[in-house]
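User: Could you take a close look at the aromatic rings in this model and walk me through how they are arranged? I'd be glad if you then carried on to whatever else deserves attention.

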Amino acid sequence: GFPGAPGLQGQRGESSFLYRSAFSVGLTTPTTTTDTPLHFAKIFYNEQHHYDDISGKFRCFIPGVYYFTFHLTVQGQGCKVGLYRNGRVILLTLDQFLTADLDQSSGGAVLNLSSGDQVWLQVYGAEQEEVGIYADINNDSTFTGFLIQARLPSSPLDNRRR
Amino acid sequence: GFPGAPGLQGQRGESSFLYRSAFSVGLTTPTTTTDTPLHFAKIFYNEQHHYDDISGKFRCFIPGVYYFTFHLTVQGQGCKVGLYRNGRVILLTLDQFLTADLDQSSGGAVLNLSSGDQVWLQVYGAEQEEVGIYADINNDSTFTGFLIQARLPSSPLDNRRR
Amino acid sequence: GFPGAPGLQGQRGESSFLYRSAFSVGLTTPTTTTDTPLHFAKIFYNEQHHYDDISGKFRCFIPGVYYFTFHLTVQGQGCKVGLYRNGRVILLTLDQFLTADLDQSSGGAVLNLSSGDQVWLQVYGAEQEEVGIYADINNDSTFTGFLIQARLPSSPLDNRRR
Ligand SMILES: [Ca+2]
Ligand SMILES: [Ca+2]
Ligand SMILES: [Ca+2]
């Protein structure tokens, strides 16, 4: 007999458009809190609400590789800030302050997160001379993160073996 | 009869490969302009020409979520710079200067743009003591942006229902 | 006779998830080396091992557009650092230091790389007063890069013409 009909076309390739996660937020006032996450109330972008503006923490809903970065205005005293993941400090940045020399402090890292992981910024240590994070309507201090690469439940290579 | 020929390979996944937008540019000289966009003439990357080196503005051709960041050399006087979107200041960064303490000022944000939106950097305010953006062959001051996630006309999920 | 059974379903289409490259590393000690790449031994992320922690250089295995950024702690003296590509300085950042005013220096750029290209950070020039890059357990100095957009061997548009 004749050969059968050709098989169905393969599935569309895995798409990155299904995996979205990004946030970008800013402080609205100076902060002197040392024992809790910095609380960013100015929202540049938070469409997926993965940054929780109540707790001040980013929560990972899509496992994968993320980039986080922050840019802080340092005024009045030094500023020592940590990027935390689940209660552990990943990255520490210290900027010292001299009278009339307001500065910018910044940092960033790529992190591989699992679902439920939380990431936030927090003043490090209790030294009162190092909580000089400043912000007002003319001076932003920001925290930003976004998904670079989602980690799929099953890899495309696995799919190809089927 | 024999089985039919295998089906055709599936379409390439709805992928970010079709949606490209990134630029990275630098100043070549110090600037004291306060009423127009900073004009970055050193091109690190601008393949799609979405950064217009005549106007100094990035123009959005692919609606979606972008990351913008800048790193400026501050010399001679303070530096107060805004990240603008369509004539409105989104983000303000001030760095003060002391004699012999050249500094770096930086900032960044994620923004959700529509086609035709324009984004640029501009000195904020007319105070002559805060236009100390410095650049020469040994000191870069840069402005960078790139598409994180395109916003598709129809979502992949819609496609799958067909 | 009857036609044969239908053919097998086609392969899944090309996926963007196959193209991964990101690294994020930090210094563990102050450095005064001026003639070799900075050597970052603290690993935040380097799953694909495209950052070579022996040479201190990132090596491009996936041709495409990358974002690189660094955030350095400046202490004790000024800090003049270059972002190098294959032996050529792409970007230079200088931060000066005053007693008791530890600073942060930062920079970044988008670069279009080909396979085999190498990118690294290195102190620029031999002036002994500008090698003040500081790092210890409480002060991070980091270097980060990640793939924004892979350059495919054949473009999706070409494939669609077949
Ligand atoms: Ca300053
Ligand atoms: Ca300085
Ligand atoms: Ca300082």
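**Aromatic rings and beyond**

Analyst: Searching the whole structure turns up 42 aromatic pairs over all chains; here rings of Phe, Tyr and Trp (its six-membered ring) pair if their centres lie within 6.5 Å, and planes under 30 degrees apart count as stacked, over 60 as edge-to-face and the rest as tilted. Take Tyr66(A) and Phe68(A): their ring centres are 6.1 Å apart and the planes meet at 20 degrees, so this pair is stacked. In chain B, Tyr66(B) and Phe68(B) are also stacked, with 6.1 Å from centre to centre and 20 degrees between the planes.

Please keep in mind that this is a predicted model, where local features need pLDDT of at least 70 and side-chain atom pairs count only at pLDDT 80 or more, while totals for chains, interfaces and linings use all residues. Residues are numbered from 1 along each chain as its sequence is written, chains are lettered from A and ligands numbered from 1 in the order written, and side-chain values use heavy atoms, leaving out hydrogens and water.

In chain A, ring pairs link Tyr66(A) and Phe68(A) into a cluster with Phe23(A), Phe40(A), Tyr51(A), Phe58(A) and Phe143(A).

Rings also meet charges. The charged end of Lys57(A) sits over the ring of Trp120(A), 4.1 Å from its centre (NZ of Lys or CZ of Arg within 6 Å of the ring centre and within 35 degrees of the ring normal). In chain B, Lys57(B) lies over the face of Trp120(B), again at 4.1 Å from the ring centre.

Leu102(A) is buried, with a relative accessible area of 2%, whereas Gln96(B) is partly exposed at 24%.

As for confidence, chain A has a mean pLDDT (the predictor's confidence in each residue, from 0 to 100) of 87, and 86% of its residues reach 70 or more. For the complex, the predictor gives an ipTM of 0.87 and a pTM of 0.87.

Definitions and conventions
Buried < 20%, exposed > 50% of the residue type's maximum accessible area, 1.4 Å probe, protein only.
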